[in-house]
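Reader: Walk me through this model, feature by feature. Give me the general idea, then the case at hand.

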Amino acid sequence: MFFHEKRGSLIELSSDRLTAKRTDSFCNGITFSAFPVPVNEKISLEFLGNTSGWSGALRFGFTSVDPVTIDELPRYAVPDLTNKDGFYAKALTESQAEQGYRLTYHCDSEGDVHFYVNNEYKGVHINNVDVTKPLWALIDIYGVTQQLRFVDPEEAPAEILARGPESMRAFLQASKAGTKPIFRTRLMLVGQDRVGKTSLKKSLTGQRYDSAEESTDGIDTNDACEINVLKYEAWKLHKEDEADENKGVLDGPQGLEEEYARAIANNIVQELLLRKRKNKDDKENEVEKLKKKTDATDKKNKKNQNVSQTDSNKSESIDIQESESKDVDEDLLKDMSDKIVHLVTQMLNEAEKDEDQLMDKQEAAKKKIVLNIWDFAGQAVYYTTHQVFLSSRAVYIIVFNLSHDLDAPAQTQVRRGDGGEVVFEESELSNLDFIDFWMSSIHAHTAQNRLNSLEDETLSPPIFIVGTHKNSLDPDPEVRQKIVESKFRRIRESLKGKPYKMHIVNQYYAVENNLEDTEDEQIGKLRSHIEEVASKEKYMGEQMPIKWLKFEKKVAEYTENKTYYLSRNQAIELGNELGITTDEGLNTMLQFYHDLGVIIYYGGTGAMDDSLQNTIVLKPQWLVDVFKRVITVKDIDEQWPVFIDAWTMLDQEGVLQDKLINHMWRDILEQKNALLGLMEKFDLLCERMPPKQLNEDARNNWEKSYYVPSRLRNHPNKEELITMTKTNAVFYLTFGGFLPDGLFHRMLTRAVRYSQEQGGHEPKLYHREARFYLDEDHDFALEMSPIRHARIKVTVMHVGFFDADDSEEIPDQPPKPEACAKVRHFLDSTLADLREMWIKRIKYEFSVACPCGSKKDEHFLNLDQCLNNKVVLCDHRRIKTNSFKKWFPSKSTSVVAPRPLSRQQSNLRLLEEELPDWMKKAAKLLNAGSEGSDWLALAEKLGYKKAKIRKFNDEVNPALAMLTDWIYSSGNTTLSIEMMLSYLEQMHREDVVDAIQQGQDSHTSAPIFISYNWGIQEEVKQLRDYLEKAGFPCWMDIGQMGGGDTLYERIDDGMRNCKVVIACMTPKYIVSHNCNREISLADSISKPIIPIMYQRIPWPPPGRMSLIFSHLLYVQMKGIGGHGGSGINADTKAKYMEIVDQVQRHVTPLSSPKGILAISASKKTTTVSNPQQSEQTVTRSMSNTYQSSPSIESSRNATTMSQTQIATGRDPTEQVSVSMCTVCSIL
């Protein structure tokens, strides 16, 4: 829906023609829809802006007259247009047209125009519209109505849209019972401790300064106030017992008559006063001119109405009366003139005494903004919990102390457990760095930021910069002002080039809170500026279902009565009382209020934890207070000595014992499980599990406890934690200048869980560094650099075994590429998940320290660029990337693995034109290689004996013969390539590696996409190898493709080009953000999905996957080999055959090579009758695990034979392949 170009003389349209604004006066605002509106199609308009002073409001309806054919538009739609044929319009009352309200109307097939205000049905507005002709919307932006916007009748808040179509449907269903525009936001006060945040809050709300004010603990969310953007006064804290504001609705016919009379009179007076202000010198002439015009108008009115009026009455009217009087019902016309004249006279007399006072009286009651004030504690220990509550729907004030040197190290307050002692330490950040930290944090945590408008290029949420302690700078006001300007200039300079610069409100404020009897002038200006900025936020006036608002009111009643949480059953009961009767409707409402920060609820359909599913926290402040008991403990009561050991363990080691939790939460123990679940959800702690190698007695005696990352201490000797050797793989996560401790704590918590699942030793955790068990051969360590560097050092170490009987020192070994890939994948998926659910705008990339040796600066190279190129450039020189590539698996795409090629026994000759280009290029490079790096060296590494090598040497192209033989004799699978690439890298033949990889990249994408969680990678690789041997090429990420956007691009390409998706289901797969994205993409582009259950999960799985999988049958891989039957190998093969049966419904197996070797199947072949000389197949993984290839079983029926033939790519009369080691198969 757009506005027509034909419009009143005072109407301006936005560039997209969705918004229309009247620029002056109260009339000449007629507009139309750009196209005819079908019968029963709804038109929805949002009131963006009202103007003060005028009376009357929007006129709306339809016209069957094409707007293009109208020569000149009159000033008013009613009655100037409605007196003509084909125009249908009536007025909306002012009370129904307030700013933020939404009008929806449509014309039915009977010609009745129905209208709704805020989705509440109001009745029939107009009758007898001619629906046999095309109808354009007719809209007159009149009176107090100044600006309108066409909106989608089904528009919803961004938080609802982000949760998908199910939430949208529930929102629209709830809206059918009526909606109401809501005007509210939060004012968030953030900054260092002891800079005056709480004192600033008191100044803004008109409270007295308290010099003994205690430092805030956690977050203080208890204050709220109502502000009126039209009245410049101190904010008053909200009182719960105050009655609801009077909306000023005039009901009944008498109310309507009074409203219309006042509207006309008020417009006449305002027109007079407006002209008076525009031309003060000609005031008397202008008034006289209007009186003469009024006399003529009154004569005409007297004739039309047959009403006798006095000369004095005539002198008080103007021509506007004529048009406005016709806007009222006919039975009221006879009274109109007397009422209007009396009101105009009265208003003009008041204006002569005090025009400003008249304006105040005429100002209609406007919708107030509810402002909830959140005062954040400044101690660094609370920052982890703070970032949980940062919201896009807020106005922020970053507070700093003007008397502090911006470039000096900040003094931070630290609490320790011993008696709650408070100490101050010098921070690694300067005072300016702390300001920058909060700007970065707000920007990173608030992703739904959009430009407010084309005219206003600031980003939401807006951020104010306020300096306190102004009077402490200097007694001389002029000197003081120069110091203030200098500090503000320094802050502005630091913002240059920063992504969050557009959040900052241009005007900075310097205030003094320490004034006993008066208010600082800047406080009043700041207050007014906050009101102005808040009123322009996009979410102001958002329509909310009345049912939901009633729920919100109930929540407030509960919290007033000190009930801070509800069970799921209690919420269902409350929802039923309010008419919210479906699970979908209740979940959508709860999740929306969770997104807004009104409640805390992590239940929903995807919650795996029963305690989270069953708990709704009604007051975030209460949750902060509960968390605070764990994050910092300062009060030691008389019972504390009983827990002195437990307290010491928490304070010194960051380990929280379960018995200490029982003491801390002794008054809320019934909610202990839910609260622990929430703390784990926020990654504030994680359970300390017993190491898997402990015996049964030790495990039974294990005392339950939790790691609390925010309470960790520094390691006394860093070298003991990580032994740095040249063989370690060291890479970095760099965060583009912003890495809060809270993010590192969350990564540590998740790394602890991940490591504990792998088994082995306990993690070693310290402040900003930790070491974790990865597998029997490897550990990995995470180390956060000083916060200004914003990076994490990742070290992957090969841990050798020590044999007491062997006195020789075991040399250091590099970590296996698979180990580095596992660590990188864990970190990448963890950060992707955290970015999705929490820190929306965080940016990161994997990097390596540049080895160029430059002493000027420490700099880094992008890891993906290093893995994808032989040489990369830094600012100083060119860097070879071989040393980095060896840490990760060789880059290769999945390949086609058809049946082995039958060949003549007597020779290995093959026509070169039948082989892929990459193979011929690799052979050419190997033939030209020097001793030790040619094809002979590769053949020896691959295990060929001298006799076989001599046969290759007799060929015209020996390297090509050797490569061809290797590919086919080793099974013609991905592993064939991977093994060869690993040896080529050892030979430093990067040129050959690049030739092979580039050739593989040029292949078309594989038709099978395997989606899985890395926890079962080895099992999934076995499935991949089986499918590839059976002629079904597979796409599978095994860690060599990079991370972040690079990986997502390749996943998208692989998914879009495949023919079927195999989903390997486990509990971790269900909750994985990346796996959910893959399956959602597959479903959205209509790819067939085959679910394979590797571990037991509910079916259909909970959460977003439920709708996708609910109608699908899965292959059960859980429990194979456990029934005492044919054994695990036979069971596995049977399941693989079942998978092949499903795959071949969508993909035809290749009967001729088109992947690794593109050899035509039509060439003449000879059947081998001697099994000893037949083709042998082998599969060998990089970890040297032995796997069986798909063989042909005897079949009792044609169906089994057919499936076997498809699965293996062979005729069922062929002999069964025998799996052997690589060397034996070559011989």
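Reader: How many disulfides does the structure hold?

Author: A disulfide is a pair of cysteine sulfur atoms within 2.5 Å. The structure holds zero. Before we go on: this is a predicted model, where local features need pLDDT of at least 70, side-chain atom pairs count only at pLDDT 80 or more, and totals for chains, interfaces and linings use all residues. Residues are numbered from 1 along each chain as its sequence is written, and side-chain values use heavy atoms, with hydrogens and water left out.

Reader: Is C27 buried or exposed?

Author: Buried means under 20% relative accessible area, exposed over 50%, and partly exposed in between (1.4 Å probe, protein chains only). C27 has 2% relative accessibility, so C27 counts as buried. C820 is buried too, at 0%.

Reader: What does the protein chain look like overall?

Author: Start with secondary structure. Helices (H or I, at least four residues) and strands (E, at least two) are DSSP runs, numbered from the N terminus. The protein chain has 41 helices and 43 strands. Of its 1227 residues, 54% count as buried. Next, contacts, which means heavy atoms within 4.5 Å. Among contacts with a separation of 6 or more, 72% join residues 24 or more positions apart.

Reader: At what angle do α2 and α16 cross?

Author: Axes are lines fitted to C-alpha atoms, for helices over the stretch in contact, and angles run from 0 to 180 degrees between N-to-C directions. Helix α2 (residues 165-175) and helix α16 (residues 583-596) cross at roughly 100°, and their axes come within 9 Å. Angles under 35 degrees count as roughly parallel, over 145 as roughly antiparallel, 65 to 115 as roughly perpendicular and the rest as oblique. That makes α2 roughly perpendicular to α16. On the α2 side, E166, S167, R169 and A170 take part; they meet E584, G585, T588 and Q591 in α16.

Reader: Which residues does D436 touch?

Author: Leave out residues up to four places away in sequence, and D436 touches K498 and Y500. D436 lies in helix α11 (residues 431-445). Its relative accessible area is 19%, so D436 is buried. D436 and F738 are 302 residues apart in sequence, but 9.3 Å apart in space, C-alpha to C-alpha.

Reader: And D833, buried or exposed?

Author: D833 is buried, at 18%. D833 sits in helix α25 (residues 817-837). Beyond its neighbours within four places in sequence, D833 contacts R750 and H1073.

Reader: Where are cis peptide bonds found?

Author: Look at omega. From V78 to P79 the bond is cis, with omega near 10°. P79 is in the loop between β5 (59-63) and β6 (87-91). The bond from W1099 to P1100 is cis as well, with omega near -5°. P1100 is in the loop between β40 (1089-1093) and α38 (1106-1109).

Reader: What is phi of N28 and of N128?

Author: Phi of N28 is near 55°, positive in a residue other than glycine. Phi of N128 is near 60°, again positive in a residue other than glycine. Their cover is worth checking. N28 counts as buried at 17%, whereas N128 is exposed at 66%.
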